[in-house]
Amino acid sequence: MPVRIHWTGCPNSCGQAQVADIGLMGGPARVEKEIDGKVKKVAVEGVNIFLGGKVGEDPFLGEVYKKGVPADYKYLIPIMKDILKEKFGAMEK
């Protein structure tokens with residue numbers, strides 16, 4: 001089954017993340033990082049994830065699934081794998 005993924009960094013939603021099966025829209029995120037011997041939360045590039053959007057006949061906007069997910073692969077890839085397995089029946093090879 002094909003899965004439509006839209007990714008945009010535009011605050012005006014130029015990539016139409018809300019009408020994709022999975023939408024990724026750039027947004028703020030925070031991660032814990034050790035600075036001067038103390039663990040602090042620091043701002044990093046991130047995404048808000050939308051699920052379930054549809055275009056065409058009976059269109060509707062997807063709903064926010066998660067907000068503030070760091071865009072780094074070690075945070076984003078596991079979440080994307082889980083979404084694809086749980087919502088779209090994907091299987092790892």
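Helix H1 is followed by Gly-89, whose phi is positive, near 75 degrees; helices here are DSSP runs of H or I with at least four residues, strands are DSSP runs of E with at least two, and both are numbered from the N terminus. The model is a predicted one, in which local features need pLDDT of at least 70 and side-chain atom pairs count only at pLDDT 80 or more, while totals for chains, interfaces and linings use all residues. Residues are numbered from 1 along each chain as its sequence is written, and side-chain values use heavy atoms, with hydrogens and water left out.

**Overall architecture**

- The protein has 1 helix and 4 strands, arranged along the sequence in the pattern β-β-β-β-α.
- Taken along the principal axes, the box filled by the C-alpha atoms is roughly 55 × 35 × 15 Å.
- Of the 93 residues, 30% count as buried, where buried means under 20% relative accessible area, exposed over 50%, and partly exposed in between, with a 1.4 Å probe and protein chains only.
- Contact is taken as heavy atoms within 4.5 Å, and among contacts between residues at least 6 apart in sequence, 38% join residues at least 24 apart.

**Surface and charge**

- The accessible surface comes to about 6600 Å², of which 54% belongs to carbon and sulfur atoms; the areas come from the Shrake-Rupley method with a 1.4 Å probe.
- The mean positions of the 14 positive and 12 negative charges lie 4 Å apart, with Lys and Arg counted as positive, Asp and Glu as negative, and His and the chain ends not counted.

- In H1, which spans residues 73-88, the buried residues are Leu-76, Ile-79, Met-80 and Ile-83. They lie on the same side of H1 because they cover an arc of only 105 degrees around the axis, the arc being that of the directions from the helix axis to the C-beta atoms.
- These buried residues of H1 pack against strands S1 (5-8), S2 (22-35), S3 (38-51) and S4 (63-70), whereas the face of H1 turned away from its buried side carries the exposed residues Tyr-73, Lys-74 and Glu-86.
- At the start of H1, a side-chain oxygen of Asp-72 reaches to within 2.9 Å of the backbone nitrogen of Lys-74.

**Gly-26 in strand S2**

- Gly-26 lies in strand S2 and, at 34% relative accessibility, counts as partly exposed.
- Apart from neighbours within four places in sequence, Gly-26 is in contact with Thr-8, Gly-9, Gly-46 and Val-47.
- The C-alpha atoms of Gly-26 and Pro-70 are separated by 9.6 Å, with the two residues 44 residues apart along the chain.

How values were computed: The place of a charge is taken as NZ of Lys, CZ of Arg, CG of Asp or CD of Glu. A polar contact is a pair of N or O atoms within 3.5 Å; within protein, one must be able to donate a hydrogen and the other to accept it, and residues adjacent in sequence count only if both atoms are side-chain atoms.
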